[in-house]
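This report looks at a few local features of one protein model. Please have the sequence and the structure at hand while reading.

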Amino acid sequence: MKVLLISANTETINMPTLPVGLACVAAAAQGAGHDVGFLDLMGLDDGPRAIASEVTMSPPDVIGISIRNIDDQRMDATRFLLGRAKEAVSLCRGISDAPVVLGGAGYSIFPESALAYLDADMGIQGEGETAFVALLQRMAQGADLSDVPGLYLRGEGPQGKRRFETELDALPIPTPGMMPLPDADRKGEIWLPFQTRRGCPLRCSYCSTPAIEGCRIRRRSPHRVVAALRLWRGAGFSRVYFVDNTFNMPSSYAEDLCRVLADADLGLSWRAIVYPKNLTPRLTRLMKAAGCTEVSLGVESGSETILRSMNKRFGVEDVRKTSHLLKGEGIRQMGFLLLGGPGETRGTVEESLSFVDSLSLDALKLTLGIRIYPNTPLARRAATEGRIAPEDDLLFPRFYMAEGLDPWLRETADALLSERPHWTC
């Protein structure tokens, strides 16, 4: 079948990125014998015109549209980001009879409500490498779609039971030729997103990861990872962002990956997300030797009470120890605080702010109010407290802010930001 895949994301938010997730689906579809076209709307002056050109000049049998971000997760002046995707779906449906299939991380959190809002024909929740290929096969055969894993049909709801691929090495890793690449002068500013593991078992109270990737950690072979990175390095990318939810879990895998990376000597600079628990001196040294220059450190709170409320498996002394280890190796640290969740008070906020001030962080991101995602403990608590209706699908952003903190919290944050240029909100 002739397939057109469109990355609808045009937001940089924290940094410019590449649609590597959609490229994974493209590689799988191409590997199954389908003719795959790829359109990335990021940076295009006229996205609708580009879509119309692709669809009319080489009419596809199926159009896939990837949904990355629903909103910017800011409680103040929230930006809802599905407008561009809705425009893309409407345009495709207006000029083509090809079914429009949604997918991507943002879609997986809201499979029914996003499908209804965007008015597409169907969507796939979860890993598209297997499910989308299965869908294409059924469609090519004119067969029943009811057993396609993770498939949602507009107006009919879920079809086949969702499945997670247990062996990530069975899934293709996209090569640089799978998608349009930026000009050479822009490659240096992009951190190539790369995933070595999927799934997270930690079940933090507010987190949407289980809806996207599941709770079981699944891994790629370190040697396959490095072989793929070698190709991207050859294509001019020297900076990599390992977007695994927790780079240091499991620690043994992280150590093996770092050793293989260091031995390959690709000349990469990379960053990763570190969970502030069980980061050992040995792993920290290995990370540095393998090219790690910066980590995102999810401090989240400096209050033991709030950390327990969030179902965190670490305490403030774990954070302090982790920060100390990273500083000792000269690895930059970007810290994150989530303020305003259940149980938060002025006292716990002040405790958190004082705590992060005592750390050797190179940068800090404050988030005021916590985005409520469906099927999370935070959503259930918000419903119990009457903050949201039990039937609210939460596609349109809702936030949890503890009573008595607003506007004091905003005023406090603004005062601190004016004095600390390395803090942002």
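## Thr322 and its contacts

Apart from neighbours within four places in sequence, Thr322 is in contact with Val274, Pro276, Lys277, Leu279 and Leu297. The model is a predicted one. Thr322 belongs to helix α13, which covers residues 316-328. With a relative accessible area of 2%, Thr322 is buried.

## Helix α11

Helix α11 spans residues 281-290, and its buried residues are Leu283, Thr284, Leu286, Met287 and Ala290. Around the helix axis they cover an arc of only 165 degrees, so they lie on the same side of α11.

What do the buried residues of α11 pack against? Their partners are α10 (251-264), β12 (269-274), β13 (292-300) and α13. After α11 comes Gly291, which has a positive phi, near 115 degrees.

## Cysteines

A disulfide is a covalent bond between the sulfur atoms of two cysteines. How many disulfides does the structure hold? The number is 0. Cys204 is in no disulfide, and the nearest cysteine sulfur, that of Cys207, is 5.9 Å away. To count as a disulfide, the two sulfur atoms must be within 2.5 Å. Cys204 is buried, with a relative accessible area of 11%.

Cys292 is in no disulfide either. The nearest cysteine sulfur to that of Cys292 belongs to Cys258 and is 7.6 Å away. Cys292 is also buried, at 1% relative accessibility.

How values were computed:
Residues numbered from 1 in each chain as written. Predicted model: local features only at pLDDT ≥ 70, side-chain atom pairs only at ≥ 80, totals over all residues. Heavy atoms only, no water. Buried < 20%, exposed > 50% of the residue type's maximum accessible area, 1.4 Å probe, protein only. Helix = DSSP H or I, 4+ residues; strand = E, 2+ residues; numbered from the N terminus. Contact = heavy atoms within 4.5 Å. Arc of directions from axis to C-beta.
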